[in-house]
Amino acid sequence: MSLPAILARIAQIDQIVAPKPPASTGGSSSSGFLTALNDGIQRGSSLAAPAAAPAVPGTGGAGALAAAQSQVGVAEQPPGSNDGPQIAEFRTATAGSGVGPWCAYFTSWAAAQAGVPLGEAGKGFGSVSALYGWAQRTGRATPAGPGVRPNPGDLIVWGGRHIGIVESVDPDGSIHTIEGNSSNAVSRRSYGPDGGGATGYVRLG
């Protein structure tokens, strides 16, 4: 059966089964389906192929890692100031933050970008020790030790001194990270299986 014949048959069926709109509405007896079908054919499009949905950002550790990767190379302005336009943006993820060492601000910002903000009420952290303490209280922390391997997207913690995000782990256990406030910038670093003496890891999401 040809396409015009199919459309004619659909129109006949539609007139039989579709309720007629009241005269006061000025409506048409054509159904939404027939209208959409005709519109689609006129546009040369297919009703069976709707427009693609927008991409959904990554979530949890994967999303935080993607956010961190997008910032590699961002540096303090001037060097040694713990400040700069993008460093100030990192601080917005932490309630009551001020200019200062910003590795925890950076991880708080990356987690917030992924939809898994850190801390009670998602307020973020400016202190590494406070962040790790929260992770321990909420079951998100894993102490480092022999045989413990983090996953990409986990946070890596060195006592109360420093924190970063695990980017990848090699088959031999070597750990590659992205860290804020490392040489006055967002930098990539690499360590042996012990994470350079890491205290522990924090799972996001």
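A nonpolar core is a set of buried Ala, Val, Leu, Ile, Met, Phe, Trp, Tyr and Cys residues joined through side-chain atoms within 4.5 Å. In this model, which is predicted, the largest such core has 34 residues, and those with the most contacts inside it are F90, F106, L118, L155, I163, V202 and L204. At least two residues of this core are supplied by each of α3 (60-69), α4 (85-91), α5 (103-113), α6 (128-137), β2 (155-158) and β3 (162-169), and the largest share, 7 residues, comes from α5.

Strands of a sheet pair through backbone hydrogen bonds, either parallel or antiparallel. Here 6 strands form an open sheet in the order β1-β6-β2-β3-β4-β5, with antiparallel pairing, and its edge strands, β1 (141-143) and β5 (185-191), each pair on one side only. Direction ignored, neighbouring strands of this sheet are turned by 30° against each other on average. Within the sheet, β2 and β3 pair in the antiparallel sense over 4 bridges, and the bridge partner of V157 in β3 is I163. Helix α5 lies across β2, β3, β4 (175-182) and β5, and runs at about 50° to β3.

A search of the whole structure finds 6 aromatic pairs. In one of them F90 and F106 are arranged edge-to-face, 5.1 Å centre to centre and with 70° between the planes; this pair links distant parts of the chain, with F90 in helix α4 and F106 in helix α5, 16 residues apart. F90 counts as buried because its relative accessibility is 0%, and F106 counts as buried because its relative accessibility is 0%. Another pair, W158 and Y191, is tilted, with 5.3 Å centre to centre and 50° between the planes, and it links W158 in strand β2 to Y191 in strand β5, 33 residues apart. W158 is buried, with a relative accessible area of 5%, whereas Y191 is partly exposed, with a relative accessible area of 21%. Finally, F90, W102, F106 and W109 form one aromatic cluster.

Definitions and conventions
Residues are numbered from 1 along each chain as its sequence is written. This is a predicted model: local features need pLDDT of at least 70, side-chain atom pairs count only at pLDDT 80 or more; totals for chains, interfaces and linings use all residues. Side-chain values use heavy atoms; hydrogens and water are left out. Buried means under 20% relative accessible area, exposed over 50%, partly exposed in between (1.4 Å probe, protein chains only). Two strands pair if DSSP finds at least two bridges between them. Axes are lines fitted to C-alpha atoms, for helices over the stretch in contact, and angles run from 0 to 180 degrees between N-to-C directions. Contact means heavy atoms within 4.5 Å. Rings of Phe, Tyr and Trp (its six-membered ring) pair if their centres lie within 6.5 Å; planes under 30 degrees apart count as stacked, over 60 as edge-to-face and the rest as tilted.
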